[in-house]
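Me: I would like to go through this structure term by term. For each term, please give the rule and then the value it is applied to.

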Amino acid sequence: MKHTKRELMPLYSYYDRSGIAAHLADMAAQGWMLDKLSGWCWRYRRAEPRKLRFAVTYFPAASQFDPGPSEGLETYRDYCAAAGWQLAADNAQVQIFFNEDENAIPIETDPMVEFTNIRRCMRKSFLTSYCFLLLLSLLQIGFQLWQVWTNPVDTLSNGFSLIAVWNWLPLDAVIVAELARYFRWQRRAKTAAEAGSPLPELRSIRWLSFLLLGWSGVIPLWMLLSAFRQSRGMLLLMAGTLLYMSLMHLLSFAAKDALRHLRAPRWANIAVTFGVIIALTVGGMAGLLALIFHNSGSGWLEDHPPVETYEYQGWTWAAYQDDIPLRIEDLVAVDYDHWSTEAQVDSSPLLTYGEYSQRPRMDAPDQPDLEYEIVTVKAGFLYDLCKNDFISWVERNNDQLPQEYWDEYRPVGTAPWNADKVYQRYYSGESVNQFLICWPDRIAEVKFDWDWTITEEMMAVTAEKLKNA
Amino acid sequence: MAREKFQTLTEQMFYILLCLRRECCGTDIMVQIQRITQGRVSVGPGTLYNLLESFVQAGYITETKVEGRKRSYLITEAGEKALEEEYRRLRTLAADYEAQTGRGGMEP
């Protein structure tokens, strides 16, 4: 027969006093008495089934970093015990009592005192942490939106970047909803307390907690899947990072509990626990960067490792043999076959973005090279944003230059390209071999070799290959 | 400001101060109030703890003795004054009632 029982993530908000009390009374009636309380798990021990009254109260001066109950808290508990209320379990400021007497005097008998106490406790714990989390996530979202605005093609085509934009939003929605609910409750509770009436209830929204929990599970899976699509190395790196973060979480909890066990004062526990978190974060970041730098030449983390590497003038160079939709041989006749062709494609539900290049080895400097980028816009509303990304990148320094030196895209004839719009790059009034070609759902930017003369036939071949790539 | 905080005393505040005209510890206060009011007024342990803390901060009572976890309190001059003012306020209310209704004493 089991003597203990655990409820993982019971999803009751600690301010849901009546909800928690009713649940614990049900459990006690079934022979399970609350024994230990934490944010993630409630532990029960087997007991005689009893009809008990439970009460959830708050002691604002208590802290999860205290080595034990403070003198004030012990006095508070003594008063409760004198009125028949025995402590069942506690977690920082939350104190849960039970009483066998159905007609016992409630722990709180003055609504205004009760309201003031709850407000003090909420300000100190719930409101502070929620506001801090909200500020942090808003900064994160603001930064990601700024990234989308300034570098939309890269950001919106990359699974990681998209996650970074979206993963905070459900949390924000929950925080804002909870804060709004709390402040609405606070207003109603104050009115009730001033009238001497019982405080209104503030119940948990359990479905919202389930949703947040589900989302918290989806995010790491999405991250792992995005990493898997990049390379095996990235998948291992991401899995390792997630494991390290979990380990860091566990270690910080272990440090806090160990210091409490050693009866270290609150300030020492806070200093050591946060010191452990900071040290592990900095150490983890340093380790991650070292791992990335150490493996940067090996191709271990890349989505397509080089087929070979070679030395030239004391440096190691990589050569690739990726399939690319348009090759130099499609445009001009060349007598060279040691090309390095590289394709890097990122895809998300919004965009597919590919960067392609064909270059000779470094020891064949007279051979031409070819570079192009293709964006397939799956979400039509992003088309202009992506197009402007290419144009504004070329024109990014014009505000610091006299107009005659401007670097810009100018519209040119579309016929050879069979496109809606075509732009050619002009630098200081001189045309260069760079074109931006716009089809209805696709944008391509092509950089031909600088000394080629681009003929209409070359334009047509390029358009045909890139449009159907 | 102490007076602003306790402009008027609630029943529970009134009886706590009244009990503390004699040195008394927290748990005894709950029993005494029950006895004085014959069960009409009860102070919950949480409310008692918080009110005692507030009264100490406001200077209405003072901690006189700490024996382990048992703390004893005694009313101060400021507390006596607050208690007396509340008494006078209640007397004024009663007098106004009597003057307006012509009824006095404990008559219904």
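Me: How many bridges join β1(A) to strand β3 of chain A, and do the two run parallel or antiparallel?

Reply: 5 bridges join β1(A) to β3 (residues 41–46), and the strands run antiparallel. Two strands pair if DSSP finds at least two bridges between them, so β1(A) and β3(A), with 5 bridges, count as paired. One position to look at is A:L8, which stands opposite A:C41 in β3(A). This is a predicted model, in which local features need pLDDT of at least 70, side-chain atom pairs count only at pLDDT 80 or more, and totals for chains, interfaces and linings use all residues. Residues are numbered from 1 along each chain as its sequence is written, and chains are lettered from A and ligands numbered from 1 in the order in which they are written.

Me: What makes β1 and β2 of chain A edge strands?

Reply: The open sheet has the order β1-β3-β2, with antiparallel pairing. β1 (4–8) and β2 (32–37) each pair on one side only. Strands here are DSSP runs of E with at least two residues, helices are runs of H or I with at least four, and both are numbered from the N terminus. Helix α1 (residues 17–29) of chain A lies across β2 and β3, running at about 130° to β2(A). Such angles run from 0 to 180 degrees between N-to-C directions, with axes fitted to C-alpha atoms, for helices over the stretch in contact.

Me: What radius of gyration does chain A have, and what would a compact globule of 469 residues have?

Reply: Chain A has 32 Å, whereas the globule would have a value near 23 Å. The globule rule is 2.2 Å times the number of residues to the power 0.38, and the radius is taken over C-alpha atoms.

Me: Which residues make the contact of α2(A) with α4(B)?

Reply: The axes of α2(A) and helix α4 (residues 45–58) of chain B come within 8 Å and cross at roughly 140°. A:T75, A:Y76, A:Y79, A:C80 and A:A82 meet B:P45, B:L48 and B:Y49. Two residues are in contact if their C-beta atoms, placed from the backbone, lie within 7 Å.

Me: How many residues of each class are in that contact?

Reply: There are 7 nonpolar, 1 polar and no charged residues. Ala, Val, Leu, Ile, Met, Phe, Trp, Tyr, Cys and Pro count as nonpolar, Asp, Glu, Lys and Arg as charged, and the others, Gly among them, as polar. A:T75 is therefore the polar one.

Me: How many residues does each chain give to the whole contact between them?

Reply: Chain A gives 20 residues and chain B gives 17. On the side of chain A, the largest share, 8 residues, comes from α2(A).

Me: What do β2(B) and β3(B) form?

Reply: They form a hairpin with 2 residues between them, and B:G68 in the turn has a positive phi of about 65°. β2 (residues 61–67) and β3 (residues 70–75) of chain B are joined by 6 bridges and run antiparallel. In this pair, B:E63 stands opposite B:Y73.

Me: Which strands does helix α12 of chain A touch?

Reply: An open sheet of 7 strands has the order β9-β10-β11-β15-β14-β13-β12 in chain A. Helix α12 (residues 456–467) packs on this sheet, touching β11, β14 and β15.
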